[in-house]
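Colleague: I am new to this structure and would like a close look at a single part of it. Please begin with the chain as a whole, and then take me to one residue and its surroundings.

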Amino acid sequence: MPLVPPYIESLRPYEAGRTIESVRKKYGLIRVAKLASNENPLGPSPKAIEAIHHTFDELHLYPNGGLDLREVLARQFDLKVDNVIAGSGSEGIMSSIIRTFLCDEDEVLTTEAAFIGFQVLARSRGVKYRTVPYDQWHYDLPALASHINQNTKIIYLANPNNPTGTIFTKAQFDEFYRHVPERVLIILDEAYFEYAKDNPRYPDSMHYRYDNVITLRTFSKIYGLAGARIGYGFAHEELIRNLLKVKLPFEPSSPAQAAGIAALQDREFLHRSLALNARGVRYLTEGLEEMGLTVVPSEANFVMTVLPDGAEAARVYERLLSQGVVVRPLAAFGLPHCIRISTGTDEDNRLCIEAWRNCYAANVGASKSS
Ligand SMILES: Cc1ncc(COP(=O)(O)O)c(C=O)c1O
C-alpha cells in the first residue's frame, strides 16, 4: 500500500509473550510459569498498589506530566528537576528521544540483537540502523567506537544488556567515551540497574554524568510495575528541555506516577525481590549448565542460553510451552538459536528446570551445545 513508508512496511509487529491464561487453555494445564518478559514474579510492590488506589477519586483530572515523580527523583539523586524526565515506561521516553533528536540523514548505532523495543522504535523512524557484533555476548565497545561516522547521532547501550544479561565496566565505558563526539547522544539504558548495582564492576551512571548521555530507568522490572507503564530518565537540562517539548504532555498517567513514587520507598520489597532473583539466577544457571547447556553469566533478572541452532531452540520452546513454562525465543531480537529465561518464584524456577530435563529426556533438545 503506497501510503505506508517501506521502513514501516518491513517492520514485524511486536509479538507480546504468551499470556498465562492462553497457555493454560491451549495445553489444559493448571500451573503455568511465565518466564518470558523479565517481570517481577512477586507481583507489584504492595506500597505501589496502595498508592494507585488513592488516585482513583481524581481520575477525571489530567495528570501533571510526571512533575511529582521528577521532584522526588531530583531530591533522591541530588539533581535539579530540570535534569529529570518521567514517561510511560522507559520505552515511552525512548520514543520521545527518537522523535526529538533524529533527522532523516542521521544514523543510529548499537550492538547486534539489541533490546527489541529500541530496535523497533529506531527502525520505525526510517533512519539508518547500524550494528556491531557482540564480543563473547558483551558489547564490543572498541568496535562500536570505530563505527562512529559523520552521521551517527544516537548510540544505544543497555547496561546490563537485554537479552544477554552482560555488563560493561566504568573503565570500558570511559575508554569508549573518549571516542564519542559531543554531537552524538548516548542512550544508557539501565532498566536492570537495581539487579547489578551491588556488583563492584558495575558502573552506576549516576556517578558519571556527561552532557551527551541520557540514563533511562524503569519501574517495570524490580518494582513489579510493567503494567502501569512508568519510567524515568536523567540528562543535561538542555536535553530534557527539548524532550519535554516532544513528549506526550500527559504521560505518565496519574496512577502510574503515584505507583512509582510509592515503590521508590518500598525498600523491603526491593530487598525481597533482589534475594529471590539472586537465588533464581544461580539455580537456573546451574541447572541448565548441568544439562550441558551454554548459559551466559547474567547480572540481570534473566539468563540466556545458547543452543546449537534455531531449529533446536524452536523445538525446545514449544516443548517447554506444552509443559507450562513460557520462555522467550530470541529470533525476533536476531538470535534464533538463543532462548532467554526470566527468573520466577522458586517454584517457577524448579518447574522450568524440570521441564528442560524432560525435553532432553524426550530427546527433543537432544544435541547438546558443546
Ligand atoms: C533493556 C530494556 N530497556 C527497556 C525496557 C522496557 O522498559 P519499560 O517497561 O520501562 O518501557 C526493557 C524491557 O524489557 C528492557 O529490557
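Modeller: In the protein chain, the mean positions of the 40 positive and 44 negative charges lie 3 Å apart; here Lys and Arg count as positive and Asp and Glu as negative, with His and the chain ends not counted, and each charge is placed at NZ of Lys, CZ of Arg, CG of Asp or CD of Glu. This is a predicted model, in which local features need pLDDT of at least 70 and side-chain atom pairs count only at pLDDT 80 or more, while totals for chains, interfaces and linings use all residues. Residues are numbered from 1 along each chain as its sequence is written, and side-chain values use heavy atoms, with hydrogens and water left out.

The protein chain holds 14 helices and 13 strands, which are DSSP runs numbered from the N terminus (helices H or I, at least four residues; strands E, at least two). Of its 370 residues, 55% count as buried, meaning under 20% relative accessible area, where exposed is over 50% and partly exposed lies in between (1.4 Å probe, protein chains only).

Setting aside neighbours within four places in sequence, L288 is in contact with L293, V295, V303, T305, I341, I353 and W356, contact being heavy atoms within 4.5 Å. By comparison, D104 is 184 residues from L288 along the chain, and their C-alpha atoms are separated by 45 Å.
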